Amino acid sequence: MKRVITLVVACLLMVCMGVAAQTKDRKLSKKEMDQLQAQIDSAQHAEALSAIADTAFTLQADRVVFKYGQRAYVVSNTNFVAVANGRATVQVSFNIPVAGPNGMGGVTVEGQISDYRLTFDKHDTAFLRFNVQGAAISAQVFITMYKYSNVASVDILPNFNSNRITLEGVILPNNRSFVVQGNTL
């Protein structure tokens, strides 16, 4: 399955590059640009769904939404939720001068995954739900990935308090994501 998705993504990218090479002398029309973007979005969506099905993905967040709706724009390679080998890592790191528990101005926690469920609604929006249990985390994680793109949001609800946090960004396979992980609690 993973090879098929990778092959489809590679073929779509080659087609896109071919279209770009052919149109070097002329500009693409708005309709052609929209079609090209739709093909790219569809390929990214298929790649992200494959990574979720393989439980080997990273949601790199560029926005954080706090409990009462305040938003902060953050660096995507230091704010993420990564899933691999039956474990999940959740890291938030803010651009502040204080080092924080993870050494990067935030918190990094890790734990075992349980109750991993992927469902779809009638509009093909993907919903992933799982629990994370570790030494410093006990939380429910809800990921929503929207139709025809790899854009997603993740709601992290701790089991012992009401300090809910939402991260918004893109889902990438672990082999295509680049994240910098701090010290784990």
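Reply: Just after α2, Thr55 takes a positive phi of about 50 degrees. The model is a predicted one, in which local features need pLDDT of at least 70, side-chain atom pairs count only at pLDDT 80 or more, and totals for chains, interfaces and linings use all residues. Residues are numbered from 1 along each chain as its sequence is written, and side-chain values use heavy atoms, with hydrogens and water left out.

Me: Why is the pair Arg176 and Glu47 called a salt bridge?

Reply: A salt bridge is a side-chain nitrogen of Lys or Arg within 4 Å of a carboxyl oxygen of Asp or Glu. The closest N and O atoms of Arg176 and Glu47 are 2.3 Å apart, and therefore the pair meets the rule. Arg176 lies in the segment after β9 (165-173) and Glu47 in helix α2 (residues 30-53), so the pair ties together parts 129 residues apart in sequence.

Me: Why is Glu47 called buried, and what is the label for Arg176?

Reply: Buried means under 20% relative accessible area, exposed over 50%, and partly exposed in between (1.4 Å probe, protein chains only). Glu47 has a relative accessible area of 15% and is therefore buried. Arg176, at 46%, is partly exposed. Other buried residues of α2 include Leu36, Ala43 and Ile52.

Me: How do you know that Arg87 and Glu110 form a salt bridge?

Reply: Their closest N and O atoms are 3.7 Å apart, so the distance falls within the limit of the rule. Arg87 belongs to strand β4 (residues 87-93) and Glu110 to strand β5 (residues 106-120), so this pair ties together parts 23 residues apart in sequence. Arg87 is partly exposed at 32%, as is Glu110 at 27%.

Me: What makes Arg164 and Asp155 a salt bridge, and how many salt bridges are counted?

Reply: The closest N and O atoms of Arg164 and Asp155 are 3.3 Å apart, so this pair also qualifies. Salt bridges that share partners join Asp62, Arg63, Arg71 and Glu168 into one network. The count comes to 9 salt bridges.

How values were computed
Helices (H or I, at least four residues) and strands (E, at least two) are DSSP runs, numbered from the N terminus.
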